[in-house]
Amino acid sequence: MAWLRLQALAAVLALLAAVSHGFEFHEATVEAIHLGFSNGSLTSTALVQFYLDQISRLNPLLRAVIEVNPDALRQAARADAQRASSDGRLTGGLHGIPVLLKDNIATFDALNTTAGSLALLGSVVKRDAGVVVRLRQAGAVVLGKANPSEWSSFRAVNSGWSARGGQSLNPYNLSSSPCGSSSGPGIAAAANMAAVTLGTETDGSILCPSAWNSVVGIKPTLGLTSRSGVIPITPRQDTVGPICRTVSDAVQVLDAIVGYDAFDAAATGAASKYIPAGGYMQFLKKDGLRGKRIGVPNGFFRGFGETELRVYEQHLTTMRNHGAVVIENLDVAPNLTALLVDIASDKWIAVRAEFKLSLNAYLADLRYSRVRSLADVIAFNNANPAQERLKDFGQANLIVAENTNGEGPVERAAIRRLKELSTGGLERLVKERQLDAIMTPDSRASSLLAIGGHPGIVVPAGYDKQGVPFGICFGGLQGYEPRLIEMAYAFEQATNVRRAPMFKP
């Protein structure tokens, strides 16, 4: 505990170093960065150096970053030179801005892509992930890779732990869970270790770390962002989305990464019809709650303390005061517990087979890797039990998946059942009550969104008595991003909940 206190003090002191040369780096937004570039108070090189320094100071405690890009400063210098040669005009919405990627998003550069596993250390991909291609086109600097829960939590490890990165910690309360397999990006965004970050979600892995680290996370409609080059769990649910300190920043990143990708043609082709002309920034409206119909389903607030429940009630009042029609006491199903149990059961039947098929395809497509199949990964773990902490975590889920034999009648029946549960649950409720969104706490409705490929946005909502953050999730149906952004932005602007972490032991 004494070590934690000393490390926490060092982290707090690092925050005091966040103002330099007239530009306030601490909590800097994309808009502020653009302004700094244009008025000469900031360069990409200085910005990248600041985040590299933050990582150097904070990462020994937080373990949010698994690897920094040795080419980041060169990329930043190139961006500065491009800006100087074009009279300060930006060549993309994220030009010169450093982005940190979850370590399951492939980059064809000096960085590793491992999902936190030592088995993939040194593997070489054939190309950048689809979202990375778009980030580079937008001018972003790839700062490095963020620490995930190993294999994106498919292997049952502690939340935020990987063999490569160790145990990441929640910067608000170091004894609290960072939550979810995208905990590294969430922590890094919260603690000002990157300008913006990218995470991935199969079920809750963007929404939960965003809620518990007091940042904004957007889990997009399935296929709105490409999954090509992302170490997979299941193509039915996997999605890539931004985790940032503000709604505006998250939307700026979303605008950069959405769109068709030939390497994920079916999903991105189907979802491209949802992308609005003019992009998503146009939906950042301070009056975005006005006229919106927001449903509050029963059952999701059980287990919260008086502090949190009181805050949530205050937020419902705020939404009403800003013109929303808030409809409480709605039922997603006659028995919510039974519904969630059914979803979990059918999902596991399907996902364990899909994981093996998808991972084997990913590994077989690598330019170089010492593991080429899930069976190879299991064998690697058995050969390296100490580093992979087999005694603590085992690898039961990996073994169960390896013992599947593709998508047979049982798996197809489970997938059909999941579609029925989505159609007769969330989709029925939203359509019957003509809702623009449901509002739930943290990531508690993530399974409802996951099985239908539906989007959600988490915004900071408050802090409990121990200083641990909690969030509000606005969830809707496929393609509802514009209205969700309107609501999330208006709520954020009306409440201004987020505050920087103080690293409480």
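Modeller: In this predicted model, a disulfide is a pair of cysteine sulfur atoms within 2.5 Å.

Biologist: How many disulfides does the structure hold, and which residues form a disulfide?

Modeller: The sulfur atoms of Cys179 and Cys208 are 1.6 Å apart, and the cut-off is 2.5 Å, so the pair qualifies as a disulfide. The structure holds 1 disulfide, formed by Cys179 and Cys208.

Biologist: How many residues apart in sequence are the parts that this pair ties together?

Modeller: Cys179 is located in the loop between β7 (166-167) and α6 (183-190), whereas Cys208 belongs to helix α7 (residues 207-212). The pair therefore ties together parts whose separation in sequence is 29 residues.

Biologist: Is the link of Cys179 and Cys208 right-handed or left-handed, and are the two residues buried or exposed?

Modeller: The angle about the S-S bond is 90°, and the link is right-handed. As for accessibility, both Cys179 and Cys208 are buried.

Biologist: Which cysteine has the sulfur nearest to that of Cys473?

Modeller: Cys473 is buried, with a relative accessible area of 2%. Cys473 takes part in no disulfide; its nearest cysteine sulfur lies 11 Å away and is that of Cys208.

Biologist: What is the radius of gyration of the protein chain?

Modeller: The chain contains 17 helices and 15 strands. For 505 residues the globule rule gives 23 Å, and the computed value is close to this, so the chain is as compact as a globular protein of that length. The radius of gyration is 21 Å.

Biologist: What share of the residues of the protein chain counts as buried?

Modeller: The C-alpha trace spans about 60 × 60 × 50 Å along its principal axes. Among contacts with a separation of 6 or more, 77% join residues 24 or more positions apart. Of the 505 residues, the share that counts as buried is 63%.

Biologist: How far apart are the centres of the positive and negative side chains?

Modeller: The accessible surface comes to about 18,400 Å², with 53% belonging to carbon and sulfur atoms. There are 49 positive and 44 negative side chains in the chain, and the centres of the two sets are separated by 1 Å.

Biologist: With which residues is Thr268 in contact, leaving aside its neighbours within four places in sequence?

Modeller: Thr268 lies in helix α9 (residues 265-271) and is buried, with a relative accessible area of 0%. Leaving aside those neighbours, its contacts are Gly223, Thr225, Ser226, Gly259, Tyr260 and Asp261.

Biologist: Which residues of helix α5 are buried?

Modeller: The cover over the buried residues of α5 includes β4 (98-102), β8 (196-201), β10 (239-244) and α8 (247-257). Just after α5, Gly139 takes a positive phi of about 90°. Within α5 (residues 130-137), the buried residues are Gly130, Val131, Val132 and Leu135.

Biologist: Where is Ser152, and is Ser153 buried or partly exposed?

Modeller: Most residues other than glycine have a negative phi. Ser152, however, has a positive phi of about 50°, and Ser153 has one near 70°. Ser152 is in the loop between β5 (141-146) and β6 (161-162) and counts as buried at 10% relative accessibility. Ser153 lies in the loop between β5 and β6 and, at 34% relative accessibility, is partly exposed.

Conventions: Residues numbered from 1 in each chain as written. Predicted model: local features only at pLDDT ≥ 70, side-chain atom pairs only at ≥ 80, totals over all residues. Heavy atoms only, no water. Helix = DSSP H or I, 4+ residues; strand = E, 2+ residues; numbered from the N terminus. Buried < 20%, exposed > 50% of the residue type's maximum accessible area, 1.4 Å probe, protein only. Rg over C-alpha atoms; globule rule 2.2 N^0.38 Å. Contact = heavy atoms within 4.5 Å. Areas by Shrake-Rupley, 256 points an atom, 1.4 Å probe, with all protein chains shown as cover. Lys, Arg positive; Asp, Glu negative; His and termini not counted. Charge placed at Lys NZ, Arg CZ, Asp CG, Glu CD.
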